[in-house]
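Thanks for taking a look at this one with me.

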Amino acid sequence: MATVNFRLRSKANKNVSIKVYLSTGRGNLIELNSGFTINPKNWSKETDRPTQNNSTENKLLRGNLNKLETFIFDNLNKDLSTGVLIDSYWLQNQINNCFERVEKTDTGIITNHIKYIIDNANTRKIKGRAKLGISQSRVKGYETFKKLFEAYQKEIKKQIHFLDINKTFVDRFTNWLINTQKYSVNYAGKQIDNLKTVCLDAEKNDIKINPYIEQIEGFSESSEDRFIVTLSFEELEQIRTAEITNTAYNNARKWLLIGCEIGQRGGDLLKITKNDIRYKGGNMYLDVTQQKTGKTVTIGIIDPHIIDIIENEFPHEISTQKLNFYIKKVCEVAKITEKVEGKRLNPKAKKENPESMRKVLGFYPKHELITTHSFRRSFATNYYKQIPTGVLIGITGHSKESLFLEYINKREDKDANADLFMKFYEQINKNKPAKMVLLPNGTNE
């Protein structure tokens, strides 16, 4: 039977630490500082609590110790039932969480600074942007990173400080992400980027960090390892003309067709309303403020089928999760079923951890690999080399051409700009009248 109690380790005539000890049976005893102190003369050995007198301080201390005892028991019963390891790391967390001490006092702990960033997200100044605040998607990214980092701390039984971030730590954390947790290389690389971002932000707030942090580098899959699934113009026509009677599927089809024509991220796509549409000179324009970058982009809508959907059958609101489910069904009905190589979420891993990014490489029916990520990539891939890359970048919101080409898994074509120049030069000069050229001998022959 588990027991929780308190005791003093010193009889000095001054305030000493009150120890909390937890016994879970079979000689398993854990003892830590409770964080409270008391003069031994005010401590009762019979009750292992402050003496029963009229001291307000003793009454408050006794109440806090009782609160901690209850808090430990409540969480002990819950965690024992789920197989959580009960050790000194676990007990320290209970002490901290009971009185919310860690979040408020130790700025040197990494998870505390992540929480600070999240709590102050709406007032943070972002370089290059006039508006205050980071995007909601970025806040969710920090929340996910915090949970992930806490899981790693639990694994190694230690709270990580900024001064702990050396090469050995980064190597072990990377190994845990990829080999233990089985996260994709890209996802693991993003978490290392997040770690560096949080550390550098802490340094700006006068928190001491390990000098090695400057050397941290994120990583991603090489072009050869990336599998980008897109829908061609021909496949989009298959989807557009497929016979679909299911209302939910038909609504998802509209979002898919619009998404592959405007080149925006799924989250931005689903926030579009008719109020974002305007007309000028008989043409339709769509104005979008991208959540991730804060950029405002304008897309010209010219495809008559997309114009008809927007004007007469605008799709109703839907969550990204539901849209990802429905578009796979839509593509299946439209016979987008050829087997292609790609990565798909491992159903077993997803069941164990809904936020898991674990994916398995293999050959799957193409419709199973289509997600909202495919929309923007389809737009960029389909129009690449048909429309100047600079124009496409202005729509997708990429900051430079190299990132755009990496996004669609294309190598830089050094002849592309030259070809475009010659094409536009011919168009500019094709209607100009021919000029008479005088030969060197002064004749017209």
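1. In which sense do E6 and strand E7 pair, and over how many bridges? E6 and strand E7 (residues 283-289) run antiparallel and are joined over four bridges. Two strands count as paired if DSSP finds at least two bridges between them. Helices (H or I, at least four residues) and strands (E, at least two) are DSSP runs, numbered from the N terminus. One of the bridges links Tyr279 to Met284 in E7.

2. A word on the source: this is a predicted model, where local features need pLDDT of at least 70, side-chain atom pairs count only at pLDDT 80 or more, and totals for chains, interfaces and linings use all residues. Residues are numbered from 1 along each chain as its sequence is written, and side-chain values use heavy atoms, with hydrogens and water left out.

3. Now the whole sheet: three strands form an open sheet in the order E6-E7-E8, with antiparallel pairing. Strand E6 (277-280) and strand E8 (296-301) are at the edges with a single partner strand each, so one side of each has no neighbour in the sheet.

4. Please also look at Lys182, which has a positive phi of about 60° although it is not a glycine. Lys182 sits in the loop between helix H6 (167-180) and helix H7 (185-204). Lys182 is exposed, at a relative accessible area of 52% (buried means under 20%, exposed over 50%, partly exposed in between; 1.4 Å probe, protein chains only).

5. Lys335 lies in the loop between helix H12 (320-333) and strand E9 (339-345). Lys335 is exposed, with a relative accessible area of 63%.
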